[in-house]
Amino acid sequence: MKYTILTLFPDMIKQGLNTSIMGKAQEKKLIQIEAVNIRDYAYNKHKQVDDYPYGGGAGMVMQPEPIYEAYKSVIEDGNKTPRVIYLTPQGKPFNQTMAREFSKEEELIFLCGHYEGVDERVIDRIVTDEVSIGDYILTGGELAVMVMIDAISRLIPDVLSNETSAEIETFDDNLLEYPQYTRPAVFMDDRVPDVLLSGHHKNIDVWRRQQSLIRTYHKRPDLLETANLTEADRKFLDKYCK
Ligand code: 6GU
């Protein structure tokens, strides 16, 4: 997967993603991250990339030409037309289903806005997807891109170790994770649930599934509406909730 980010703060992206699992994935060439500085495509001598909004009002608006030139520089070394994702609180809410869908692409381009916005004409011309990472306002799209790249990349084969990747399936059912415990078996008089020490794998699986259901019911009941529930799950929930 190749990610290209059009941004005014390329260092922020590079530094945010060069550690831990994203850093390893880059070293192993499983993902490639290129941050293109929009300012390099400013063509007035002051390297200005924003201007006052037509019609007045507060703040500055990013001009269309530098963004368009930066975009052209990315797609011109080939005849590909990758999806271009514009990060904006007005976009479609990002979720695991979208992460899975994007992870199947070979290449993605992200456009990070700043200031009060981006000239609408360049959005109309190059953007294929508008995405938001939640109902709050960030100062720019950079943190949002990092969130998306992390969520997408961990779904790419071999980015996570095999051991860890099985965990992905949990959200597939739209349920929250069951609680986890490690040594010591007793912490401040608090014992790890007996079933986990029993060595009885079938019972452990049943207990974990039930814990996932209980948690989801209490913490995110909205998820249960779209959850992938078996007949046994429904029976358990009916009984538990009454
Ligand atoms: Cl994707 N961008 C910005 N600038 N703010 C946001 C956002 C994105 N998602 C939530 N707030």
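I begin with Asp194, which counts as exposed at 54% relative accessibility. Its partner in a salt bridge is Arg191, with the closest N and O atoms 3.0 Å apart. Arg191 is partly exposed, its relative accessible area being 47%. Please bear in mind throughout that this is a predicted model.

For orientation, the domain assignment gives domain 1 (2-153) and domain 2 (168-241). The C-alpha centres of domain 1 and domain 2 are 38 Å apart.

The structure holds eleven salt bridges. One of them joins the side chains of Asp129 and Arg83, at 2.9 Å from N to O. Asp129 lies in strand β8 and Arg83 in strand β5 (residues 83-93), so this pair ties together parts that are 46 residues apart in sequence. Asp129 counts as buried, at 16% relative accessibility, and Arg83 likewise counts as buried, at 19%. Both residues belong to a network of salt bridges that also links Glu101 and Glu105.

Let me stay with strand β8, residues 129-132, where Ser132 is placed. Is Ser132 buried or exposed? Ser132 is buried, with a relative accessible area of 5%. A polar atom of the Ser132 side chain lies 3.1 Å from the backbone oxygen of Gly134. Beyond its neighbours within four places in sequence, Ser132 is in contact with Thr88, Pro89, Gly91, Lys92, Pro93 and Phe94.

I close at the surface, where Phe9, Met12, Tyr136, Leu138 and Leu143 form a nonpolar patch with about 440 Å² of accessible area together.

Conventions. Residues numbered from 1 in each chain as written. Predicted model: local features only at pLDDT ≥ 70, side-chain atom pairs only at ≥ 80, totals over all residues. Heavy atoms only, no water. Helix = DSSP H or I, 4+ residues; strand = E, 2+ residues; numbered from the N terminus. Buried < 20%, exposed > 50% of the residue type's maximum accessible area, 1.4 Å probe, protein only. Polar contact = N/O pair within 3.5 Å; in protein donor to acceptor, adjacent residues only side chain to side chain. Contact = heavy atoms within 4.5 Å. Patch = residues over 30% accessible without salt bridge, like charges linked within 9 Å, V, L, I, M, F, W, Y side chains within 5 Å. Areas by Shrake-Rupley, 256 points an atom, 1.4 Å probe, with all protein chains shown as cover. Salt bridge = Lys/Arg side-chain N within 4 Å of Asp/Glu carboxyl O. Domains from an automatic or database assignment.
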